[in-house]
Amino acid sequence: MTALCRCPWPKDDPLYCAYHDEEWGVPEHDSRALWEKLVLDGFQAGLSWITILKKRDAFRRAFADFDPEVVARYGEDDIQRLLGDAGIIRSRAKIEAAINGARVFLDMREKGQEFGPWVWSFVDGRPLQNAWDAMSQVPAQTPLSVDVSKALRAKGFNFVGPVIVYAWMQATGLVNDHLTTCFRHADVRRMAGLDEVA
């Protein structure tokens, strides 16, 4: 049986491989799911993604399955509860950023601006398709991630620097950064409504 040719970063970790094979790069349009992934990418700052991935279920329990209506109401007692939760990353700044982000998310909605469509407007509703042959070619940030970062900050979000934002864009399929040698490159390209060139 021939092994799948995939991007090298999941290595041989089964959880990481499943994430790469089934989730990473798939275009995500649901506003709540986009916000959840933005929060988790913020928690990743200074850490590896596999650390967050292993804690994702604990994060979902701690943050009410990332329901912004619930998280927006978190106060000091909730912050203390979260700081005592060994299942998540116990950073007050990141916890406060998540709570603040829920409030910004709801404020945008109240003003008639749904998070998902707003995010996708930066790529005109269509995932960007890259054609990298090697990991050394994949950027850590781009001019677009700088612009999106600035826009998120202007809305009031925190932990949304251009490197975090680019990782989030890759994860949520705003950009297809699977290597051309990876079996998922063509799959994700098709999800964007683009047929592979023969």
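**Notebook: pockets, core and salt bridges**

I started with the lining of the largest pocket, whose residues divide into 16 nonpolar, three polar and two charged. I count Ala, Val, Leu, Ile, Met, Phe, Trp, Tyr, Cys and Pro as nonpolar, Asp, Glu, Lys and Arg as charged, and the others, Gly among them, as polar. This is a predicted model, so I take local features at pLDDT of at least 70 and side-chain atom pairs only at pLDDT 80 or more, while totals for chains, interfaces and linings use all residues. Residues are numbered from 1 along each chain as its sequence is written, and side-chain values use heavy atoms, with hydrogens and water left out.

**Largest pocket**

I get about 450 Å³ of space in the largest pocket. Of its 21 lining residues, W24, Q44, W49, A167 and Q170 are the closest to its centre. The elements giving two or more residues to this lining are α1, α2 and α9. I looked up which element has the largest share, and α9 has it, with six residues. Helices here are DSSP runs of H or I, at least four residues, strands are runs of E, at least two, and both are numbered from the N terminus. For pockets and cavities I used a 1 Å grid over the protein atoms alone: a pocket is an open set of points with protein on both sides within 12 Å along at least five of seven lines, a cavity is a set where a 1.4 Å probe fits but cannot get out, and lining residues have an atom within 4 Å of a point. Points are joined across faces, edges and corners, and a volume is the space filled by probe spheres set on the points.

**Cavity**

How many cavities of 30 Å³ or more are there? I find one by this rule. The largest cavity holds about 100 Å³ of space. Its lining has 13 residues, and L38, V39, A97, A98 and N158 lie nearest the centre. α2 and α6 are the elements that give two or more residues to that lining. The most comes from α2, with five residues. By type, the cavity lining divides into nine nonpolar, three polar and one charged.

**Nonpolar core**

Next I went to the largest nonpolar core, which has 55 residues; F63, F115, L152 and W168 have the most contacts inside it. Two or more residues each come from α1, α2 (31–44), α3 (49–62), α5 (76–83), α6, α7 (115–120), α8 (143–155) and α9 (162–171). α6 gives the largest share, eight residues. A core here is a set of buried Ala, Val, Leu, Ile, Met, Phe, Trp, Tyr and Cys residues joined through side-chain atoms within 4.5 Å. Buried means under 20% relative accessible area, exposed over 50%, and partly exposed in between, with a 1.4 Å probe and protein chains only. In soluble globular proteins, nonpolar side chains tend to be buried together.

I then listed what W168 touches, leaving out residues up to four places away in sequence: L34, K37, L38, D41, F115, V119, V148 and L152. Contact means heavy atoms within 4.5 Å.

**Salt bridges**

I get 13 salt bridges in the structure. Each is a side-chain nitrogen of Lys or Arg within 4 Å of a carboxyl oxygen of Asp or Glu.

- D21 and R6 pair up at 2.5 Å, N to O. The pair links distant parts of the chain, with D21 in helix α1 (residues 14–22) and R6 in the segment before α1, 15 residues apart. D21 counts as buried at 16% relative accessibility, whereas R6 is partly exposed at 24%.
- E96 and R92 meet at 2.8 Å, N to O. They sit four residues apart in helix α6 (residues 92–110), so about one helical turn separates them. E96 is partly exposed at 35%, and R92 is partly exposed at 31%.
- R109 bridges to E114, with the closest N and O atoms 3.5 Å apart. R109 is partly exposed at 35% relative accessibility, and E114 is partly exposed at 31%.
- E23, K37 and R56 form a linked network of salt bridges.

**Positive phi**

F66 has a positive phi of about 55°, though it is not a glycine. I place F66 in the loop between α3 and α4 (68–71). Is F66 buried or exposed? F66 is buried, at 0% relative accessibility.

D124 also has a positive phi of about 55° without being a glycine. D124 lies in the loop between α7 and β1 (128–129). I note D124 as exposed, with a relative accessible area of 73%.
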